[in-house]
Amino acid sequence: GGTPAAVLDLAHSDDVSLGAQLLPDEDTLLYTTAKRSVGERPEADSLFMRSLRSGTSTPLLEFASDAAYLPSGHIVFARQGTLYAVPFELATRTLTGDPVPVLEGIGRATTFTGAAASRTAQISVAAPGLLAYVAGPALTQNLDLALFDRSGAGERLDLPGGMYQFPRVSPDGTRVAVEVGGR
């Protein structure tokens with residue numbers, strides 16, 4: 001109940017927030033910031049904590065995204081196509097160890113959200129500690145375009161690698177339209 005209120009406003013920033021989770025202390029918001037620019041790489045993503053009572057945001061990890069707090073006292077997060085875990089003390093809101101890789105081969109989204117590239121790792125963690133994920137490679141900035149005929153024979157188009165999405169072939173099969181770099 002109650003009146004909705006903004007807890008995080010990045011409207012006048014180069015960043016967008018992604019994947020927020022309220023921690024069990026009901027004060028700490030765990031979230032990812034990513035650059036609005038489509039050309040930014042995931043190395044620019046960072047994890048932050050924000051106290052809802054004080055309104056103060058604190059950096060937690062750089063080159064990290066899609067975090068989830070686990071009841072075991074760990075935070076899991078993605079770097080490229082790898083899931084990491086790091087011990088986290090909820091009472092003091094501090095990391096108590098170094099990140100270690102726990103699962104490789106996590107797929108990442110290949111879509112764009114507004115002006116921001118969505119590099120969201122395809123993972124979901126349930127409260128009892130269950131993990132669901134989409135296996136696959138991490139998103140790269142240099143995707144190739146290829147045409148396949150009905151028999152399955154493929155031909156790579158002679159184009160530089162790029163951030164391509166939504167390809168459409170003309171009805172006569174002589175042209176391809178594609179969105180490049182989220183524009």
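This briefing looks at Asp27 and the residues around it. Keep in mind that the model is predicted. Asp27, Arg53 and Arg93 are joined in a network of salt bridges, and the count of salt bridges comes to two. Ser51 also makes a polar contact with Asp27, side chain to side chain.

**The salt bridges**

- Side chains of opposite charge can pair when their charged atoms come close.
- Arg53 and Asp27 meet through their side chains in a salt bridge, at 4.0 Å from N to O. That pair links distant parts of the chain, 26 residues apart: Arg53 is in the loop between E3 and strand E4 (57–62), while Asp27 is in the loop between strand E1 (15–22) and strand E2 (28–35).
- Arg93 and Asp27 form a salt bridge too, with 3.4 Å from N to O. Arg93 sits in the loop between strand E7 (82–89) and strand E8 (94–95) and Asp27 in the one between E1 and E2, so this pair ties together parts 66 residues apart in sequence.

- Asp27 has a relative accessible area of 7%, so it counts as buried, since the cut-off for buried is under 20%.
- Arg53 comes out at 66% relative accessibility, which means it counts as exposed.
- Arg93, at 25% relative accessibility, counts as partly exposed.

- Ser51 belongs to strand E3 (residues 46–51), and at 5% relative accessibility it counts as buried.
- The polar contact between the side chains of Ser51 and Asp27 is 3.0 Å.
- Setting aside neighbours within four places in sequence, Ser51 is in contact with Asp27, Thr56 and Arg93.

Terms used. Residues numbered from 1 in each chain as written. Predicted model: local features only at pLDDT ≥ 70, side-chain atom pairs only at ≥ 80, totals over all residues. Heavy atoms only, no water. Helix = DSSP H or I, 4+ residues; strand = E, 2+ residues; numbered from the N terminus. Buried < 20%, exposed > 50% of the residue type's maximum accessible area, 1.4 Å probe, protein only. Polar contact = N/O pair within 3.5 Å; in protein donor to acceptor, adjacent residues only side chain to side chain. Contact = heavy atoms within 4.5 Å.
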